[in-house]
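Reader: Hi! Could you walk me through this structure in plain words?
Author: Happy to, here it comes.

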Amino acid sequence: MEVVEAIITRRSIRKYTGERVTNTQVELLLKAGMYAPSAVNKQPWHFIVFRDRKVIEEIIKIHPNGRMLEDSDVAILVCFDENLQHDVGYGPVDCSAATQNILLAAHGTGLGAVWVGIYPRENRIKGVHRLFNLPGHIIPFSIISIGYPAEKKELPDRFKKERIHYEKWQV
Ligand SMILES: Cc1cc2nc3c(=O)[nH]c(=O)nc-3n(C[C@H](O)[C@H](O)[C@H](O)COP(=O)(O)O)c2cc1C
C-alpha cells in the first residue's frame with residue numbers, strides 16, 4: 001500500500017474477527033514503532049505485548065473506553081522511560097509517533113487497530129502502572145488493540161482548507 005493512501009484510509013477498528021495474529025506479525029508492528037522519529041533519537045520507548053484476558057478485564061475497569069480490547073486478539077502497551085527521554089515532556093511526544101507508526105503498520109498489513117489513550121490521564125496511568133508491575137521510571141502511554149478487522153468504515157472528509165495558513169496567520 002502506498003504510504004499516503006495508508007495514512008488516509010487508516011481508521012480506528014474496534015471490532016475483530018477473532019482470527020489469530022501471530023507474534024511474527026506483532027514483531028513487524030513493533031519494528032515499525034521503533035522506526036518512529038524521536039527527539040535527539042533517544043527512542044525512549046518500551047512495549048509490552050499482551051493477550052491475557054484477566055489483564056484486559058482489569059484494564060476495562062480502569063478505562064471503560066477500552067472495551068474493544070475484549071474482542072482483540074493481541075494488544076500492545078506503549079510506555080516511555082523517563083530516564084531515556086530527551087527531556088521532560090518528550091517521552092509522550094515520541095510515543096505518539098511510535099503509536100501512529102504501529103497503527104499504520106497494522107493497517108498496511110491487513111490488521112485493524114485502535115489507539116486506547118492512557119497518558120495523560122492520571123488515574124489510567126496509575127492503574128495501568130500497577131497492573132503491569134512497571135518500575136517507577138516507566139510510564140504507560142497508550143494501548144493498541146489489534147485484531148483482524150470485522151468492520152469497514154466510510155472514508156471521512158477531513159480536509160479543511162480553513163485550517164491551512166501560508167506565511168502568517170490568516171483567516
Ligand atoms: C490520544 C488518543 C486517545 C484515544 N483514546 C481512545 C480510547 O480510549 N478509546 C477509543 O475507542 N478510541 C480512542 N482513540 C481513537 C479516536 O477515537 C480516533 O482516532 C478518532 O475518533 C478518529 O477516528 P479514526 O482513528 O478512525 O480516524 C484515541 C485516539 C487518540 C489519538
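Author: What follows is a chat about salt bridges, aromatic rings, surface patches and some backbone details.

Author: Two notes before we start. This is a predicted model, where local features need pLDDT of at least 70 and side-chain atom pairs count only at pLDDT 80 or more, while totals for chains, interfaces and linings use all residues. Residues are numbered from 1 along each chain as its sequence is written, and side-chain values use heavy atoms, with hydrogens and water left out.

Reader: Thanks! How many salt bridges does the structure hold?
Author: Two. The term stands for a side-chain nitrogen of Lys or Arg within 4 Å of a carboxyl oxygen of Asp or Glu.

Reader: Which side chain does Asp-73 meet in a salt bridge?
Author: That of Arg-51, at 2.7 Å from N to O. The pair links distant parts of the chain, 22 residues apart: Asp-73 sits in the loop between α3 and β2, and Arg-51 in the loop between β1 (45-50) and α3. The helix and strand names come from DSSP runs, numbered from the N terminus: helices are H or I with at least four residues, strands are E with at least two.

Reader: Is Asp-73 buried or exposed?
Author: Asp-73 is buried, because its relative accessible area is 13%. Arg-51 has 21%, so it is partly exposed. The cut-offs are under 20% relative accessible area for buried, over 50% for exposed, and partly exposed in between, with a 1.4 Å probe and protein chains only.

Reader: And which residue forms a salt bridge with Glu-58?
Author: Lys-61 does, with the closest N and O atoms 2.9 Å apart. Both residues lie in helix α3, three residues apart, which is about one turn of the helix. Lys-61 counts as exposed because its relative accessibility is 61%, whereas Glu-58 is partly exposed at 31%.

Reader: Switching to rings: how many aromatic pairs are there?
Author: The count comes to four. Rings of Phe, Tyr and Trp (its six-membered ring) pair if their centres lie within 6.5 Å; planes under 30 degrees apart are stacked, over 60 edge-to-face, and the rest tilted. One of the pairs is Phe-80 with Tyr-119, which is edge-to-face at 5.8 Å centre to centre, with 75° between the planes. This pair also links distant parts of the chain, 39 residues apart: Phe-80 is in strand β2 (residues 74-81), and Tyr-119 is in the loop between β3 (112-117) and α5 (122-131).

Reader: Which residues do ring pairs link into a cluster?
Author: Phe-80, Trp-115, Tyr-119 and Phe-141. Of these, Phe-80 is buried because its relative accessibility is 3%, while Tyr-119 is partly exposed at 32%.

Reader: What kind of peptide bond joins Tyr-119 and Pro-120?
Author: A cis one, with omega about 10°. Pro-120 lies in the loop between β3 and α5. For background, most peptide bonds are trans, and most residues other than glycine have a negative phi.

Reader: On that last point, what is the phi of Val-40?
Author: Val-40 has a positive phi of about 55°, although it is not a glycine. Asn-41, not a glycine either, has a positive phi of about 50°. Val-40 is in the loop between α2 and β1, and Asn-41 is placed in the loop between α2 and β1 too. Val-40 counts as exposed because its relative accessibility is 54%, and Asn-41 counts as exposed because its value is 52%.

Reader: Now the surface. Which residues make the nonpolar patch?
Author: Val-3, Val-4, Ile-7, Ile-8 and Leu-155, with an area of about 460 Å². Patches take residues with over 30% relative accessible area and no salt bridge; like charges are joined within 9 Å, and nonpolar side chains (Val, Leu, Ile, Met, Phe, Trp, Tyr) within 5 Å. Accessible areas come from the Shrake-Rupley method with a 1.4 Å probe, and for residues, only the protein chains shown count as cover. Ile-8 belongs to helix α1 (residues 3-9) and is partly exposed at 46% relative accessible area.

Reader: Last one: which residues form the negative patch?
Author: Asp-52, Glu-57, Glu-70 and Asp-71. Here Asp and Glu count as negative and Lys and Arg as positive, with His and the chain ends not counted. The place of a charge is taken as NZ of Lys, CZ of Arg, CG of Asp or CD of Glu. Glu-57 lies in helix α3 (residues 53-62) and is partly exposed, with a relative accessible area of 47%.
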